[in-house]
Amino acid sequence: MKNNGLLIVISGFSGAGKGTLMKRLVEDYSNYALSVSMTTRQPRAGEENGREYFFATREEFEKKIGEEGFIEYASYCENYYGTPRDYVESQMAGGKDVILEIEIQGAMQIKKKYPHAILLFVTPPGAGALQERLMGRGTETEEEIVKRLKRAAEEAVGIEEYDYIIINDDLDECVKELHALLQESHHGHVEKYDPRHHKEFIEEIRTQLQELVKGEK
Ligand code: 5GP
């Protein structure tokens, strides 16, 4: 690929604070372009078409799949989510670092198609914080929260597939850390955030998530 822009994939459990983190990153620094995904899920209160997502029907989404209009797409909690191709390709060609905030199946598709992409997993300091954030934001029903926690437990199995893991404890700190990490990764792998150096933490959050969803149907 003949460009300088990086393709950056950010995944993390629902409720890990990824959305806020990404918004802050693009506000605070000018070299990032945030891709807006298409989804078939209903907009949450305060979400705007074209800003958080392009909201579409299943028919519209499937038509775009047929036209190869996505660089990846996946089904998550019974809805489609996908990354439109045009924006990503044009921004990267213009030298921007393009960020995709997507779940793990999509991340694995990107890893295959774009071997130079940088994959980053954002996690809260513990599973308890995750449950609190999901409940605190009040945008999902209890049933949906259980579904998302189960999905988090499944996704936790794949953390080692990512290049880096970053813990979102304090938002301001995390934005700075993330920017520094991404800038440094232009020059090579950054050992400090490699999941291999955070095995204990990863095991601990996996165990906590398993405990949380145990007994839920
Ligand atoms: P939410 O419904 O909370 O906005 O998003 C649910 C999950 O879908 C999150 O893990 C989010 O990262 C992921 N997601 C958002 N957009 C995309 C996309 O374009 N592709 C894929 N594969 N996942 C996405």
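This is a predicted model: local features need pLDDT of at least 70, side-chain atom pairs count only at pLDDT 80 or more; totals for chains, interfaces and linings use all residues.
For the class counts here, Ala, Val, Leu, Ile, Met, Phe, Trp, Tyr, Cys and Pro go down as nonpolar, Asp, Glu, Lys and Arg as charged, and the others, Gly among them, as polar. Residues are numbered from 1 along each chain as its sequence is written, and side-chain values use heavy atoms, with hydrogens and water left out.

**Around the ligand**

**Polar contacts (N or O pairs within 3.5 Å)**

- Tyr81 has a polar side-chain atom 2.6 Å from an oxygen atom of the ligand.
- Glu72 has a side-chain N or O atom 2.7 Å from a nitrogen atom of the ligand.
- For Lys18, a side-chain N or O atom is 3.3 Å from an oxygen atom of the ligand.
- On its own the ligand has 510 Å² of accessible area, and the protein covers 95% of that (Shrake-Rupley method, 1.4 Å probe).

**The largest pocket**

- A pocket here is an open set of points on a 1 Å grid over the protein atoms alone, where a 1.4 Å probe fits, with protein on both sides within 12 Å along at least five of seven lines; lining residues have an atom within 4 Å of a point.
- The ligand takes up the space of the largest pocket (more than half of its atoms lie within 2 Å of the grid points).
- That pocket's volume is about 950 Å³, counted as the space filled by probe spheres set on the points, which are joined across faces, edges and corners.
- It is lined by 36 residues, with Lys18, Gly19, Arg44, Tyr53 and Glu101 closest to its centre.
- α1 gives the largest share of this lining, 6 residues.
- By class, the lining splits into 12 nonpolar, 10 polar and 14 charged residues.

**The second largest pocket**

- This one has a volume of about 200 Å³.
- Of its 14 lining residues, Arg41, Gln42, Glu140, Glu144 and Arg148 are closest to the centre.
- α6 gives the most to this lining, with 3 residues.
- The lining's classes are 4 nonpolar, 3 polar and 7 charged residues.

Note on methods. A polar contact is a pair of N or O atoms within 3.5 Å; within protein, one must be able to donate a hydrogen and the other to accept it, and residues adjacent in sequence count only if both atoms are side-chain atoms. Helices (H or I, at least four residues) and strands (E, at least two) are DSSP runs, numbered from the N terminus.
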